[in-house]
Amino acid sequence: MKSRATVDTQAVSWTRDAEGWHLALQGDWRGQGLPLPPAPAPGPAAGERVVVDARALSAWDRDAAPRLWALLAPLRRSGALPDLSALPDALRAPLELALPAPGATADDLPGPHADSSLAAGLRRWWEDALTTAAFVGEVALSLGRLLRGKAVMRGSDYVRQLDLAGPLSLPIVTLTCFLIGLMLAYMGGAQLQRIGAQSFIADVVTVGVVRELAGLMTGVILAGRVGAAFAAQLGSMRANEEIDALRALGIDPIDYLVLPRLLAMLTMAPLLIAYAALVGVLAGLPPVVGIYGVPAWEYLHKCREALTWTHLWIGLVKGTMYIGLVALAGCREGLHAGRDAQSVGAATTTAVVKALLWIVVAASASTVLFQSLGL
Amino acid sequence: MHEAAEPLVRVVGLTMAFGDEVVQSGLDFDIRRGEVLAIVGASGCGKSTLLRHLIGLQEPAAGQVLYGDQDLNQADDETLAVLRRRFGVMFQAGALWSSMTVGENVMLPLRLFTPTPAAERERLARWKLALVGLEDAFELEPAELSGGMRKRAAIARALALDPELLYLDEPSSGLDPFSAARLDGLILNLRRHLGTTVVMVSHSIDSVFAVADRLLYLDHVEKTMTALDAPRLLAERGPERVRAFLRRRDRA
């Protein structure tokens, strides 16, 4: 019988004869991190036997099995037939378990997820945009049903959402808008002082806060406070099949869940924005009086003069629009979340990011629009 | 005894698919009045999806789900509303609406779809809860109930509008053997005392043997139904994979 060692290292010796391959393990196989003993090239072909023999193994421990498996598994996958019968039981048993039997069908695993190519990314973006458009359309239909008195909306849900969006948001709206007004007066004052125009700080603060910042800041705060909560509530309802339970009864989840949230936000929006604007304007008082020496009555009088109806309604309309977008983003992400905890978390994050993005786009677009209308 | 009963629902040539991948095709079967029909099969064979098609939550790739002569997926809104009154659904984890009490959960369908006055609604809801052994849970939040109680409360909610047909998704999954047996008993009692037809998707072979008159086996290899008959008959002389499946009794 011809026998020829094709690979011979300290750890293994591969030989080949008429019957097939012979893999002799040798030396000390203890410990982790040892280099993988090489397989010969060309190695055992499909259908060839590989007799594994541990007689020359002087010492081994439980790390020997994974090491040997790493050596044999590729061979088994390419169709070779390892013969483990000569191994000690403690080594053979786990290896037999880990090496699939020849001809065994593999589990039908799904292919790799999330294609990261640019085309797939664009397609996902497009599908996402379509979902959003469809959602907005459904909300519009639902509003139509509400006006015709056909929508099934839960009044107590509306009241609860009013509370969440309104009174419970007041502390943080107060704090944020106070600081914004303060900063605006302070920084604006510093610039205007250079040309001796401190008395115009009131105009800067009033127009800035009432027309732009109050709505913007309230929208941003509600995106984090309420939009995220909407996404989380609806997302976990979806994960728990509560949305399916509504639909199975023939209750439209948009009517029942989205409308009360959207309407509560739209109801509270003008009130919150007006309040935020008032806080912001008053916050200009300390720096104006304390640093720039403008009398308080003059500042307030100038504010009153600068505040035109146009600024006020533009500020309220824009801010209410932002807050509507926040509610839509939150509900859209929640209703279309995946069905596990991970996805509900992702939906919450996406709801906030989307709300902020939509607010910024809406703010830019409306500013250009109102400017070009000369308002 | 159910051989001659008229079909409540007829499923004709139903094909289910996720995207381009066909999961099951050529499903033809009847749901007979008064029977307990169990839909079984390996995980991923499309049992729960079939249920979603039967209740009109998802449109099948092809085929019809006929309630009488009316295809569920072709029905206009008003017909659909009428058809939906005919069945109740219990979802896998109960799917009780978490923002309402158990009692409100049961009363909501009554409030929305019937002219029942408020006091009467409460009495009816308490009665439905009593039917499932939960009369004391009326004021509780769903989160305060155990898994088995949530499922029973969900059955009470599904019974709110007195449906003739009850769809149950995995009634005994995630339950200890005692609660699972109790739920099996409840299913049989509902059928016996209310005459409710029950269609259940199940993983539990024991539960199927305990309650089902007929068993529908969805085969994941052939991607169609390969058996529809009494569980005991199928265990003896059903197709090979069905017999193998039925031998895996889960509880001793």
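## A guided tour of chains A and B

Begin by selecting B:Leu233, which is partly exposed, with a relative accessible area of 32%. This leucine lies in helix α8 of chain B, the helix formed by residues 231-237. The model on display is a predicted one. The C-alpha atoms of B:Leu233 and B:Ala17 are 30 Å apart in space, and 216 residues separate the two in sequence.

Select B:Thr101 next. This threonine is found in the loop that runs between β6 and α3 of chain B. Is B:Thr101 buried or exposed? Its relative accessibility is 16%, so B:Thr101 counts as buried, since the cut-off for a buried residue is under 20%. To see what surrounds it, display B:Phe138, B:Glu139, B:Leu140, B:Glu141 and B:Pro142. Once neighbours within four places in sequence are left aside, these are the residues in contact with B:Thr101.

### Where the two chains meet

Now colour chain A and chain B separately and turn to the interface. Here 17 residues of chain A are in contact with 24 residues of chain B. The size of an interface is often given as the accessible area lost when the parts come together. For chain B and chain A, about 1700 Å² is buried between them, and 56% of that area is on carbon and sulfur atoms.

How many salt bridges are counted between chain B and chain A? The count is 1. To find it, select B:Arg52 and A:Asp244, whose side chains meet in a salt bridge with an N to O distance of 3.0 Å. Across the same interface of chain B and chain A, 8 residue pairs are in polar contact, both residues of each pair being at pLDDT 80 or more.

Stay on the chain B side and select residues 87-90 and 102-113. These are β6 and α3 of chain B, the elements that give two or more residues to the side touching chain A. Which element gives the most to that side? It is α3(B), with 6 residues. Colouring by residue class shows 14 nonpolar, 3 polar and 7 charged residues on the side of chain B that touches chain A.

### Salt bridges within each chain

Over all chains, the count of salt bridges comes to 30.

In chain A, select A:Glu48 and A:Arg16. Their side chains meet in a salt bridge, at 2.4 Å from N to O. This pair links distant parts of the chain, 32 residues apart: A:Arg16 belongs to strand β2 (residues 12-17), whereas A:Glu48 sits in the loop between β3 (20-29) and β4 (49-60) of chain A. A:Glu48 counts as buried at 16% relative accessibility, while A:Arg16 is partly exposed, with a relative accessible area of 36%.

Remain in chain A and select A:Asp128, A:Arg332, A:Glu333 and A:Lys354 together. A network of salt bridges links these four residues.

Return to chain B and select B:Arg126 with B:Glu122. The two form a salt bridge, and their closest N and O atoms are 2.9 Å apart. Both belong to helix α4 (residues 118-131) of chain B; because they are 4 residues apart there, about one helical turn separates them. B:Arg126 is partly exposed, at a relative accessible area of 30%, and B:Glu122 is also partly exposed, at 32%.

Then move to helix α9 (residues 240-247) of chain B, where B:Glu240 and B:Arg243 are 3 residues apart and therefore separated by about one helical turn. These two residues form a salt bridge, with 3.2 Å between the closest N and O atoms. B:Glu240 counts as partly exposed at 48% relative accessibility, as does B:Arg243 at 25%.

### Cysteines of chain A

For the last stop, select the cysteines of chain A. How many disulfides does the structure hold over all chains? The number is 0. A:Cys177, for instance, is in no disulfide, and the nearest cysteine sulfur to it, that of A:Cys303, is 15 Å away. A:Cys177 is buried, with a relative accessible area of 3%. A:Cys331 counts as buried too, at 1% relative accessibility.

Key. Residues are numbered from 1 along each chain as its sequence is written. Chains are lettered from A and ligands numbered from 1 in the order in which they are written. This is a predicted model: local features need pLDDT of at least 70, side-chain atom pairs count only at pLDDT 80 or more; totals for chains, interfaces and linings use all residues. Side-chain values use heavy atoms; hydrogens and water are left out. Contact means heavy atoms within 4.5 Å. Buried area is the accessible area (1.4 Å probe) that two parts lose on being put together, summed over both. A polar contact is a pair of N or O atoms within 3.5 Å; within protein, one must be able to donate a hydrogen and the other to accept it, and residues adjacent in sequence count only if both atoms are side-chain atoms. Ala, Val, Leu, Ile, Met, Phe, Trp, Tyr, Cys and Pro count as nonpolar, Asp, Glu, Lys and Arg as charged, and the others, Gly among them, as polar. A disulfide is a pair of cysteine sulfur atoms within 2.5 Å. Buried means under 20% relative accessible area, exposed over 50%, partly exposed in between (1.4 Å probe, protein chains only).
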